[in-house]
Amino acid sequence: MALILTVRPPASQKFGSGLTLAIVLHVALAAGLVSAAFVSPFNLDRWGGHESTEGAIQASVVDALPLPPKAPPVEKSVLVQPDVTPAPAPPPKEAAAPPPKPTDVLIKAKTTPPPKTAKVETPAPPKHPQPTPETTKATTGAPATQIPQSIAQNRNGQAALTVADHVFGQRYAYYFDAVQRTINQNWMGQEADPRTSMGKSVKLIFDINRDGTPSNIRVETSSGSPSLDLSAVHALQRVDTFGPLPAGNKQTVEDTFTYHPQ
């Protein structure tokens with residue numbers, strides 16, 4: 001029976017042998033690299049040597065290289081006809097208004113209110129149609145400028161009323177018939193002297209205001225009898241109002257009084 005004894009070296013001896021082996025390998029590798037560096041230059045072809053037969057390159061050092069001259073600048077790049085009119089200059093831009101500041105207070109512009117006009121009251125037309133009186137035509141060839149609108153007889157004679165605006169007078173003939181009746185009622189024929197007034201006529205012109213009151217009474221053509229002229233003026237002065245005008249603010253009326261008692 002055999003007895004085998006195995007002796008294991010301690011761990012410290014094993015580590016030392018491995019370290020020695022690593023050092024030996026590194027030294028051998030370094031020696032191989034050094035020997036390769038000395039051997040390879042003698043076996044390779046030389047480039048850039050001094051001999052001309054081996055294709056050497058020669059270079060010369062200079063201070064500076066001359067640059068090519070600059071090309072002259074082109075004055076006109078586009079051909080322009082000499083008679084071409086140049087384009088007009090653009091209008092100046094209007095300066096924009098600066099924005100309002102936060103501290104600015106907006107003030108509204110004052111607007112003038114339209115003038116107030118009084119309302120014109122138009123009297124209601126009569127319920128029954130009024131007859132239109134016959135108009136008197138001019139005796140001459142000239143056209144008549146005033147057309148009588150109302151002719152009335154009374155105990156003192158005759159009164160003929162005309163309106164300057166004959167279109168207005170024809171449209172509102174019923175109103176001027178009432179005006180003539182009111183004048184006849186206020187004409188006192190006894191105020192006229194029969195000895196100087198018989199067969200004579202006096203012509204008055206007056207205005208009828210918007211409220212119907214007579215105003216601006218004046219003698220247009222005197223009869224030659226002061227008493228007859230005065231009696232006609234008194235007839236208008238006794239009238240308070242004829243009633244409001246059917247339209248408009250004023251109408252001019254002519255009234256002729258002819259003294260001829262019945």
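A salt bridge here is a side-chain nitrogen of Lys or Arg within 4 Å of a carboxyl oxygen of Asp or Glu. The structure holds 3 salt bridges. The model is predicted.

**View 1. Arg 238 and Glu 191 form a salt bridge between two loops.** Their side chains meet at 2.3 Å, N to O. The pair links distant parts of the chain, 47 residues apart. Arg 238 lies in the loop between H5 and E5. Glu 191 lies in the loop between helix H3 (173-186) and helix H4 (194-197). Arg 238 is partly exposed, with a relative accessible area of 32%. Glu 191 is partly exposed too, at 31%.

**View 2. Asp 193 pairs with Arg 195.** The closest N and O atoms of this salt bridge are 3.4 Å apart. Asp 193 counts as partly exposed, at 23% relative accessibility. Arg 195 has 77% relative accessibility, so this residue counts as exposed.

**View 3. A salt bridge joins Glu 254 to Lys 203.** The closest N and O atoms are 3.6 Å apart. Glu 254 sits in strand E5 and Lys 203 in strand E3. The two residues are 51 residues apart, and the pair links distant parts of the chain. Glu 254 is buried, because its relative accessible area is 13% and buried means under 20%. Lys 203 is partly exposed, at 26%.

**View 4. Strand E5 pairs with strands E2 and E3.** Strand E5 covers residues 250-259. Strand E2 (residues 157-163) runs antiparallel to E5, and 7 bridges join them. In this pairing, Leu 161 stands opposite Asp 255. Strand E3 (residues 201-209) also runs antiparallel to E5, with 9 bridges between them. Here Asp 207 stands opposite Thr 252.

**View 5. Asp 229 is buried yet has no salt bridge.** Asp 229 belongs to helix H5 (residues 226-237). The nearest side chain of opposite charge is Lys 200, 9.1 Å away. Leaving aside residues up to four places away in sequence, Asp 229 touches Val 202, Ser 222, Ser 223 and Gly 224.

**View 6. Leu 19, Ile 23 and Val 27 make a nonpolar surface patch.** Val 27 is found in helix H1 (residues 11-43). Val 27 is exposed, because its relative accessible area is 54% and exposed means over 50%.

Terms used. Residues are numbered from 1 along each chain as its sequence is written. This is a predicted model: local features need pLDDT of at least 70, side-chain atom pairs count only at pLDDT 80 or more; totals for chains, interfaces and linings use all residues. Side-chain values use heavy atoms; hydrogens and water are left out. Two strands pair if DSSP finds at least two bridges between them. Helices (H or I, at least four residues) and strands (E, at least two) are DSSP runs, numbered from the N terminus. Patches are made of residues with over 30% relative accessible area and no salt bridge: like charges are joined within 9 Å, nonpolar side chains (Val, Leu, Ile, Met, Phe, Trp, Tyr) within 5 Å. Accessible areas come from the Shrake-Rupley method with a 1.4 Å probe; for residues, only the protein chains shown count as cover. Buried means under 20% relative accessible area, exposed over 50%, partly exposed in between (1.4 Å probe, protein chains only). Lys and Arg count as positive and Asp and Glu as negative; His and the chain ends are not counted. Contact means heavy atoms within 4.5 Å.
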